Amino acid sequence: MKKSFIVIGIAAVIALSGCNGNTNNQGKANNNNNQQETNTGMDGMNHSGSSEAPKGLTEAKNPKFEVGSQAIIEAEHMPGMNKATATIVGAYDTTVYAVSYTPTTGGERVTNHKWVIQEDIKDSDDQPYKPGDEVVLNVEHMPGMKGATATIDSAEQTTIYMVDYTPTTGGKPVKNHQWLTESELSAK
């Protein structure tokens, strides 16, 4: 009888230690996935955007995608974005920029961040900036972005869109994501 209890006890210890090992491996896998996202430079991006567009934006008169319509996202600014169905919540005509900057919170330089618009730049006027110009960002798409000095990588006059979508990877719906260009959307 004592031998039975000892065998059962040893079996229980082995079984429990096996389960414990699986949990740790899953945690390590999750940490690796999070580390991958961090390396893309988009970890911590504010998926929710803002409840409203910046002041001074001009609503697009003839956008390719009307407010209230749906489109397919053809960009991967964040994981789960590409091929997601977007509902257009705003369409505006402005100059859109890809920028590089070092976060005010420290850390590695973010390169070719897409997108910042003319109205997201501190003390901007109506004159578009050119690649190589330095500007101060007045938006917090990611932690450490607001107040950072950025270099303009590219500039384009276009219609930009604010959208709602649910990531293809699952999770909570994203509301008022800022920004997608017309070329990053396709008809549904």
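The following dialogue examines a predicted protein model through questions and answers.

Residues are numbered from 1 along each chain as its sequence is written, and side-chain values use heavy atoms, with hydrogens and water left out. In this predicted model, local features need pLDDT of at least 70 and side-chain atom pairs count only at pLDDT 80 or more, while totals for chains, interfaces and linings use all residues.

Student: In what order do the helix and the strands run from the N terminus on?

Tutor: The protein has one helix and eight strands. Helices (H or I, at least four residues) and strands (E, at least two) are DSSP runs, numbered from the N terminus. From that terminus on, the order of the elements is α-β-β-β-β-β-β-β-β.

Student: What percentage of the contacts between residues at least 6 apart in sequence join residues at least 24 apart?

Tutor: A contact means heavy atoms within 4.5 Å. Among contacts between residues at least 6 apart in sequence, the share that joins residues at least 24 apart is 61%.

Student: Is Thr95 buried or exposed?

Tutor: Thr95 lies in strand E3, which covers residues 85-101. Buried means under 20% relative accessible area, exposed over 50%, and partly exposed in between (1.4 Å probe, protein chains only). Because its relative accessibility is 6%, Thr95 counts as buried.

Student: Which residue's side chain does the side chain of Thr95 join in a polar contact of 2.8 Å?

Tutor: Not counting residues up to four places away in sequence, Thr95 touches several residues, including Val116, Pro128, Glu156 and Gln157. A polar contact is a pair of N or O atoms within 3.5 Å; within protein, one must be able to donate a hydrogen and the other to accept it, and residues adjacent in sequence count only if both atoms are side-chain atoms. The 2.8 Å polar contact joins the side chain of Thr95 to that of Gln157.

Student: How many nonpolar, polar and charged residues line the second largest pocket?

Tutor: On a 1 Å grid over the protein atoms alone, a pocket is an open set of points where a 1.4 Å probe fits, with protein on both sides within 12 Å along at least five of seven lines, and lining residues have an atom within 4 Å of a point. Among the lining residues are Asp93, Thr95, Glu119, Pro128 and Gln157, and strand E3 gives the most to the lining, with three residues. Ala, Val, Leu, Ile, Met, Phe, Trp, Tyr, Cys and Pro count as nonpolar, Asp, Glu, Lys and Arg as charged, and the others, Gly among them, as polar. The lining divides into one nonpolar, seven polar and four charged.

Student: How much space lies in the second largest pocket?

Tutor: Grid points are joined across faces, edges and corners, and a volume is the space filled by probe spheres set on the points. For the second largest pocket, this space is about 180 Å³.

Student: How many residues does the largest nonpolar core have?

Tutor: A nonpolar core is a set of buried Ala, Val, Leu, Ile, Met, Phe, Trp, Tyr and Cys residues joined through side-chain atoms within 4.5 Å. Those with the most contacts inside the largest core are Ile73, Ile88, Tyr161, Val163, Tyr165, Leu180 and Leu185. Strands E2 (70-73), E3, E6 (149-165) and E7 (174-181) each supply at least two residues of this core. The number of residues in the largest nonpolar core is 17.

Student: Which residue's backbone nitrogen lies 2.8 Å from a polar atom of the side chain of Tyr97?

Tutor: Tyr97 is found in strand E3, and it counts as buried because its relative accessibility is 0%. Leaving out residues up to four places away in sequence, Tyr97 touches, among others, His113, Trp115, Ile121 and Tyr129. The backbone nitrogen at 2.8 Å belongs to Tyr129.

Student: What is the relative accessible area of Asp123?

Tutor: Asp123 is found in the loop between E4 and strand E5 (134-136). Asp123 has a positive phi of about 55 degrees although it is not a glycine. Asp123 is exposed because its relative accessible area is 71%.

Student: What is the relative accessibility of Asn176?

Tutor: Asn176 is found in strand E7 and has a positive phi of about 55 degrees, although it is not a glycine. Asn176 counts as buried because its relative accessibility is 16%.
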